[in-house]
Amino acid sequence: MISYQINPEMLIRYWVLLIIVPLAVGFFILATIACLTILNHLRHSRRERNAAKQAYREDHDALGQRLPPTARGFCTQCETLTKKAFFLPDGTHLCEECYDQKFPPRLS
Ligand SMILES: [Zn+2]
C-alpha cells in the first residue's frame with residue numbers, strides 16, 4: 001500500500017514555485033515598465049526643452065532682442081536670393097549678412 005506523506009522540503013519547493021517566482025517575475029515586469037516610463041518622460045521633456053531653446057535662439061539675437069520675421073526672399077541691399085531674409089517693418093528685406101552689417105549686436 002502506498003502512503004502519501006507530506007514532505008516539508010517539497011512543500012517549500014512548491015511554495016517557492018507557486019508564489020515567490022510569479023511575484024518576482026511580476027515585480028520585475030512592473031519595475032521594467034516603470035523604468036521605461038521614467039526614461040521616456042525624461043527624454044521627452046529634454047527634447048521639448050531643447051526645441052523651446054532652439055525656437056528662442058531662432059527668434060532672438062544674442063542680446064535677447066526679438067528678430068524680425070524671416071522667410072525665403074530677395075535681399076534688397078545686395079540683391080541676392082536667400083533662404084533666410086529678414087522682413088523689416090519698413091518694408092526692406094535683408095539677408096543675414098546685410099542684417100548683421102546693419103544691426104551689429106546680433107551675434108547668433
Ligand atoms: Zn544682402
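Me: What share of the 108 residues in the protein is buried, and what makes a residue count as buried?

Reply: This is a predicted model, and buried residues make up 5% of its 108 residues. A residue counts as buried if 20 or more other C-beta atoms lie within 10 Å of its own.

Me: How many helices and strands does the protein have, and in what pattern along the sequence?

Reply: The protein has two helices and three strands. Along the sequence they follow the pattern α-β-β-β-α.

Me: What makes the protein more spread out than a compact globule?

Reply: Its radius of gyration is 33 Å, whereas the globule rule gives 13 Å for 108 residues. The value is well over the rule, so the protein is more spread out than a compact globule. Along the principal axes, the C-alpha atoms fill a box of roughly 110 × 25 × 20 Å.

Me: How do you know what span to expect of helix α1?

Reply: Helix α1 covers residues 8-59, which is 52 residues. α1 does bend, by about 35° at Val16.

Me: Why is α1 called hardly covered?

Reply: The count of buried residues among its 52 residues is zero.

Me: Is strand β1 largely in the open or covered?

Reply: β1 spans residues 70-74, and the number buried among these five residues is zero, so the strand lies largely in the open.

Me: How do you know that β1 and β2 pair?

Reply: Pairing needs at least two bridges between two strands. β1 and β2 (residues 81-87) have four, in the antiparallel sense, so by that cut-off they pair. Gly73 has Thr82 as its bridge partner in β2, and Phe74 stands opposite Leu81. The two strands form a hairpin with six residues between them, and Glu79 in the turn has a positive phi of about 55°.

Me: What joins β2 to β3?

Reply: β2 and β3 pair in the antiparallel sense over three bridges. Phe87 has His93 as its bridge partner in β3. Five residues lie between the strands of this hairpin, and Gly91 in the turn has a positive phi of about 100°.

Me: Which residues make up the largest nonpolar core?

Reply: The five are Ala85, Phe86, Leu94, Cys95 and Tyr99. β2 and β3 (93-95) each supply at least two residues of this core.

Key:
Residues are numbered from 1 along each chain as its sequence is written. This is a predicted model: local features need pLDDT of at least 70, side-chain atom pairs count only at pLDDT 80 or more; totals for chains, interfaces and linings use all residues. The expected span of a helix is 1.5 Å times one less than its number of residues. The bend at a residue is the angle between axes fitted to the seven residues ending there and the seven starting there. A residue is buried if 20 or more other C-beta atoms lie within 10 Å of its own, exposed if 12 or fewer, and partly exposed in between; C-beta atoms are placed from the backbone. The radius of gyration is taken over C-alpha atoms; the globule rule is 2.2 Å times the number of residues to the power 0.38. A nonpolar core is a set of buried Ala, Val, Leu, Ile, Met, Phe, Trp, Tyr and Cys residues joined through C-beta atoms within 7 Å.
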